[in-house]
Number of protein chains: 2
Amino acid sequence: MPPSEAKGLCLGFFGILRFAQKDKRGGQNDAPHPVTLSIADTPRPIEIHSERVSQQSLALLGTIGVMEGVPQEKVAGTSALLLNGKAVAQQIRERLKFRVAQLRSEGIHPCLAVMLVGDDPASHTYVRTKARACESVGIRSVVRHYPASVSQAELEAQIDAWNADPSVHGVLIQHPVQKPLDESALLHRLHPSKDVDGITPASLGALVAGEPAFGACTPLGIITLLDAYKLSMEGKHAVVIGRSVILGKPMALMFLNRNATVTICHSRTRDLASYTRQADILVAAVGKPEFITGEMVKPGAVVVDAGYNRVEGRTGDVGDVDLASVAPLSSAITPVPGGVGPMTVAMLLQNTVVSAERLTGS
Amino acid sequence: MPPSEAKGLCLGFFGILRFAQKDKRGGQNDAPHPVTLSIADTPRPIEIHSERVSQQSLALLGTIGVMEGVPQEKVAGTSALLLNGKAVAQQIRERLKFRVAQLRSEGIHPCLAVMLVGDDPASHTYVRTKARACESVGIRSVVRHYPASVSQAELEAQIDAWNADPSVHGVLIQHPVQKPLDESALLHRLHPSKDVDGITPASLGALVAGEPAFGACTPLGIITLLDAYKLSMEGKHAVVIGRSVILGKPMALMFLNRNATVTICHSRTRDLASYTRQADILVAAVGKPEFITGEMVKPGAVVVDAGYNRVEGRTGDVGDVDLASVAPLSSAITPVPGGVGPMTVAMLLQNTVVSAERLTGS
């Protein structure tokens with residue numbers, strides 16, 4: 001398919017998908033909606049293309065798919081399964097390499113465009129990490145770095161250009177875009193079909209409504225990691241600490257779509273431990289190093305640590321969970337580093353490849 | 001302001017409001033965001049206009065605002081406060097009458113346009129109720145009734161026309177629009193500035209992102225009713241039974257924005273009573289008559305019954321809560337009828353008036 005046709009497909013894309021889905025609006029009363037599940041928290045084409053991918057990539061990768069063959073290590077000295085995000089992310093990247101190669105053989109070079117504004121060192125580090133990750137699987141990345149003094153109009157014109165550019169399949173607006181610039185206006189401007197970061201209001205609204213959209217990368221990575229280890233969410237009590245737009249809220253919605261009962265805690269929650277002790281699945285995004293200790297966790301819980309904190313005198317990131325006291329109690333747990341972080345990056349790559357496949361009808 | 005300018009304002013409206021808000025996106029870690037509260041679950045202009053309304057409507061209504069003077073009855077034979085949605089809704093309507101009169105004196109006639117497709121008797125009843133409610137406060141309502149055989153294109157052209165029509169301030173697409181018609185496509189087409197029902201993906205996304213949008217009428221009505229009785233949500237455990245797009249999910253998000261800790265239960269929840277017994281605030285949208293009984297409720301709980309069920313041999317709607325066994329335990333409870341139902345209709349009217357004020361800059 002020639003690139004000139006891609007734009008039209010892009011614009012028609014959500015409309016087409018809408019015809020394929022069931023009514024998610026429902027009545028006032030609750031109703032189970034199993035059809036929603038794979039749509040709302042995993043971009044649909046994963047399903048659509050899964051057969052091709054599994055058949056062809058298997059030959060390449062020598063595995064029977066990412067759900068099989070994940071490392072089954074225990075946390076040292078405990079019976080807790082180590083949820084090895086690094087290894088699962090690596091398997092996903094291997095698959096993506098294959099899919100990218102396939103696309104490139106058809107003349108399509110998946111491309112992620114990144115907008116970076118200002119000189120925040122952490123933002124620069126994140127962008128470099130993401131660009132390198134793209135490169136590692138063959139995705140082209142384009143980083144546009146603007147000074148903090150750039151005009152809103154210039155940024156908006158860039159978003160418009162990327163929306164219209166058939167050679168760009170995903171756009172990431174690196175947070176934060178500082179005031180007086182209007183980050184929200186940029187997010188609204190980005191076409192949902194290219195929102196591979198999954199955090200525009202349009203993508204979040206689709207998640208609530210049970211419509212196809214790219215999932216926010218961190219919660220999508222957590223769901224994917226639990227899936228990789230065949231840890232069911234159905235009927236479980238999932239407790240999420242944190243209500244941010246990029247983690248807590250979409251995480252809760254994705255767990256709901258998987259038929260978990262969901263509790264969302266946050267900084268204003270009273271007696272936090274009374275909730276965390278009920279969790280079959282506990283996701284911590286507290287922002288306090290090793291805040292979650294053994295006495296806050298139910299024996300047998302699956303514990304996901306989405307924290308990364310800098311602690312003076314220690315090298316590297318420190319999670320929100322005190323592994324030493326929590327791991328002996330838990331049935332499965334993510335490490336920091338090597339747990340949620342690599343999955344987040346892998347999901348950004350996956351969303352970008354999925355977007356390239358979708359936008360080009362490949 | 002001449003009507004011809006209204007369309008431009010309409011289109012610029014969300015953009016303008018975005019400049020006024022703080023950054024809600026936040027980092028990965030949780031952070032309190034008190035500024036969000038009144039924005040996300042109550043359309044902003046209520047705040048903006050509150051001074052004018054409170055000063056002028058007070059003189060008219062002879063009260064010091066809807067928060068005062070609400071009936072403080074007890075449920076017969078108990079110490080439970082009866083949350084009289086009918087009376088609170090009536091006070092809101094009185095206020096709205098004044099605001100509508102004010103608008104009409106400026107040559108602006110608030111107007112709700114309703115799209116009704118097919119011959120579902122319940123839908124016809126709902127539309128009649130809403131149209132009559134509009135009339136009661138001076139809002140003009142326009143109902144366009146289409147046969148089930150109408151084409152999608154004709155419906156979409158109507159939505160486009162209403163989006164562009166400066167004399168229309170709110171649009172309601174009566175659910176359900178049956179297949180093969182695409183209700184979701186209609187919702188996507190409706191401009192968020194006229195989505196007074198608050199259930200389009202754009203409005204739901206704004207609710208997640210903490211941006212200004214019309215709140216879905218039923219959960220917004222519940223929040224407003226609790227506010228009217230000065231029942232704080234801050235730090236409370238709110239348990240919502242139901243995960244529909246029109247009630248459960250936006251309800252949970254609104255409670256979160258009010259700093260409640262929120263649990264969402266649904267048909268796949270195991271041991272439902274173990275959750276409901278923890279609720280400081282319990283919202284039931286189960287769809288089973290008198291399903292919530294005393295042994296499922298914590299003493300002192302605030303209980304909101306969002307159910308309306310038809311039961312053979314009984315006249316009128318029957319709620320999801322067994323009032324006889326629950327009221328003696330609860331500190332406050334809504335009746336059915338006369339609780340949530342009238343609040344839902346009042347919120348539709350309020351959203352329409354707010355929209356007329358916003359779109360005309362009045």
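This is a predicted model: local features need pLDDT of at least 70, side-chain atom pairs count only at pLDDT 80 or more; totals for chains, interfaces and linings use all residues.
Within chain A, three strands come together as an open sheet, and their order is E3-E2-E4 with parallel pairing. Strand E3 (140-146) and strand E4 (170-173) of chain A each have a single partner strand, so each of them stands at an edge with one side left without a neighbour in the sheet. From one strand to the next, the twist averages 15°. As a general point, strands of a sheet pair through backbone hydrogen bonds, and they may do so in a parallel or an antiparallel way.

The pairings of strand E2 in chain A can be followed bridge by bridge. On one side, E2(A) and E3(A) run parallel and are joined by seven bridges. One of the residue pairs here is A:Cys111 with its bridge partner A:Arg140 in E3(A). To get from E2(A) to E3(A), the chain passes through helix H5 (residues 121-137) of chain A, making a right-handed β-α-β crossover. Strand E2 (residues 111-117) of chain A also pairs with E4(A), again in the parallel sense, over four bridges. In this pairing A:Met115 lies opposite A:Ile173 of E4(A). Helix H6 (residues 152-164) of chain A packs on the sheet, where it touches E2, E3 and E4 of chain A, and its direction makes about 175° with that of E2(A).

Helix H6 of chain A deserves a look of its own. With 13 residues, H6(A) reaches 18 Å from its first C-alpha to its last, close to the 18 Å expected at 1.5 Å a residue. Which residues of H6(A) are buried? They are A:Leu155, A:Ile159 and A:Trp162. These residues cover an arc of only 65° around the axis, which means that they lie on the same side of H6(A). The other side of H6(A) has exposed residues, namely A:Ala153, A:Glu154, A:Ala157, A:Ala161 and A:Ala164. The cover over the buried residues of H6(A) includes E2, E3, E4 and helix H7 (183-189) of chain A.

E2(B) and E3(B) run parallel and share seven bridges, and B:Met115 is found opposite B:Arg144 in E3(B).

Buried residues in H6(B) are B:Leu155, B:Ile159 and B:Trp162. Their arc around the axis is only 65°, so they sit on the same side of H6(B). The face turned away from that buried side carries the exposed residues B:Ala153, B:Glu154, B:Ala157, B:Ala161 and B:Ala164. Packed against the buried residues of H6(B) are strand E2 (111-117), strand E3 (140-146), strand E4 (170-173) and helix H7 (183-189) of chain B.

A single residue brings several of these elements together. B:Val171 belongs to strand E4 of chain B. Is B:Val171 buried or exposed? Since a residue is called buried when 20 or more other C-beta atoms lie within 10 Å of its own, B:Val171 is buried, because it has 28 other C-beta atoms within 10 Å. Leaving aside residues up to four places away in sequence, B:Val171 touches B:Ala113, B:Trp162, B:Leu190 and B:Lys194. B:Trp162 is one of the buried residues of H6(B). B:Val171 and B:Ala113 are 58 residues apart in sequence, yet their C-alpha atoms are 4.8 Å apart in space.

Key: Residues are numbered from 1 along each chain as its sequence is written. Chains are lettered from A and ligands numbered from 1 in the order in which they are written. Two strands pair if DSSP finds at least two bridges between them. Helices (H or I, at least four residues) and strands (E, at least two) are DSSP runs, numbered from the N terminus. Axes are lines fitted to C-alpha atoms, for helices over the stretch in contact, and angles run from 0 to 180 degrees between N-to-C directions. Two residues are in contact if their C-beta atoms, placed from the backbone, lie within 7 Å. A crossover is right-handed if, with the strands pointing away from the viewer, the path from the first strand over the helix to the second runs clockwise. A residue is buried if 20 or more other C-beta atoms lie within 10 Å of its own, exposed if 12 or fewer, and partly exposed in between; C-beta atoms are placed from the backbone. The arc is that of the directions from the helix axis to the C-beta atoms. The expected span of a helix is 1.5 Å times one less than its number of residues.
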